[in-house]
Amino acid sequence: MATPDRPGFALPLLLLAGFRTLIDDLHAELARQGHPHLRPVHGFVLQAVGVAGTTATELGQRLGVSKQAAGKTVDRLVALGYLERADDPADARRKLVRLTDRGLDGLQRSAVVFDQLRDRWAATLGPDRVAAIEDDLRTVAQPNFFRLDVPGWFGT
């Protein structure tokens, strides 16, 4: 039961603050490692493009945004060298959006940094507490908790 010292609205704000702390720390480290222009939304986009590539229409659907919004973000990531547009070998009418070596490097570095950040939390809170937080969140989160449509969800 919510109490005056632990109101119900505080829980989502604390979860968001924890998420924001991890993401801000990630991007500070990525900037130090040569990726100063990557932004949080870019991570969702790079994950949604994936190693096989995708079309702008499919990317928009995966992210829960319009094709135009996806295209604008793709344009930015192409200009930064993280994505490229290429002909689809299976259908000459389609253009694929694919990760470049720089895009793959950004994703790989992100995975390593996230592991380091988790280790930092474990050093602060204790490994058992971090594992318990993860287990508890898995218990209450929807089964398909890893969704890439967060940019569209935040924007609606």
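Select Asp5, Arg6, Pro7, Ala10, Leu11, Leu14 and Leu15: these residues line the second largest pocket. A pocket here is an open set of points on a 1 Å grid over the protein atoms alone, with protein on both sides within 12 Å along at least five of seven lines, and lining residues have an atom within 4 Å of a point. The volume of this second largest pocket is about 240 Å³. That volume is the space filled by probe spheres set on the grid points, which are joined across faces, edges and corners. By type, the lining splits into five nonpolar, no polar and two charged residues. Ala, Val, Leu, Ile, Met, Phe, Trp, Tyr, Cys and Pro count as nonpolar, Asp, Glu, Lys and Arg as charged, and the others, Gly among them, as polar.

Before moving on, note that this is a predicted model: local features need pLDDT of at least 70, side-chain atom pairs count only at pLDDT 80 or more, and totals for chains, interfaces and linings use all residues. Residues are numbered from 1 along each chain as its sequence is written, and side-chain values use heavy atoms, with hydrogens and water left out.

**The whole chain**

Zoom out. The protein chain has seven helices and two strands. Helices (H or I, at least four residues) and strands (E, at least two) are DSSP runs, numbered from the N terminus. Color by element and follow the order from the N terminus: α-α-α-α-β-β-α-α-α. The C-alpha trace spans about 60 × 35 × 25 Å along its principal axes. Of the 156 residues in the protein chain, 29% are buried. Buried means under 20% relative accessible area, exposed over 50%, and partly exposed in between (1.4 Å probe, protein chains only).

**The core**

Next, select Val45, Leu46, Val49, Leu59, Leu77 and Leu83. Among the 20 residues of the largest nonpolar core, these touch the most other members. Such a core is a set of buried Ala, Val, Leu, Ile, Met, Phe, Trp, Tyr and Cys residues joined through side-chain atoms within 4.5 Å. Now show the elements that give two or more residues to this core: helix H1 (10-32), helix H2 (40-49), helix H3 (56-63), H4, E2 and helix H5 (101-125). H2 gives the most, with four residues. In soluble globular proteins, nonpolar side chains tend to be buried together.

**The hairpin**

Move to E1 and E2. They form a hairpin with two residues between them. E1 pairs with strand E2 (residues 91-99) in the antiparallel sense over six bridges. Two strands pair if DSSP finds at least two bridges between them. Which residue in E2 is the bridge partner of Glu84? Pick Arg98. For Asp87, the bridge partner in E2 is Lys95.

**Salt bridges**

Show the charged side chains. The structure holds twelve salt bridges. Each is a side-chain nitrogen of Lys or Arg within 4 Å of a carboxyl oxygen of Asp or Glu. Side chains of opposite charge can pair when their charged atoms come close.

- Arg85 and Asp75: the closest N and O atoms of this salt bridge are 2.6 Å apart. Arg85 lies in strand E1 (residues 83-88) and Asp75 in helix H4 (residues 67-79), so the pair ties together parts that are ten residues apart in sequence. Arg85 is partly exposed at 42% relative accessibility. Asp75 is also partly exposed, at 43%.
- Asp91 and Arg93: here the closest N and O atoms are 3.1 Å apart. Asp91 is buried at 19% relative accessibility, whereas Arg93 is exposed at 77%.
- Arg138 and Asp135: the closest N and O atoms are 3.6 Å apart. These residues sit three apart in helix H6 (residues 127-140), about one helical turn. Arg138 is exposed, with a relative accessible area of 53%. Asp135 is partly exposed, at 44%.

**Last stop: Asp88**

Select Glu58, Asp88 and Arg94. A network of salt bridges links them. Center on Asp88, in strand E1. Is Asp88 buried or exposed? Asp88 is buried, with a relative accessible area of 8%. The C-alpha atoms of Asp88 and Leu26 are 33 Å apart, with the two residues 62 apart along the chain.

Terms used:
On a 1 Å grid over the protein atoms alone, a cavity is a set of points where a 1.4 Å probe fits but cannot get out, and a pocket is an open set with protein on both sides within 12 Å along at least five of seven lines; lining residues have an atom within 4 Å of a point.
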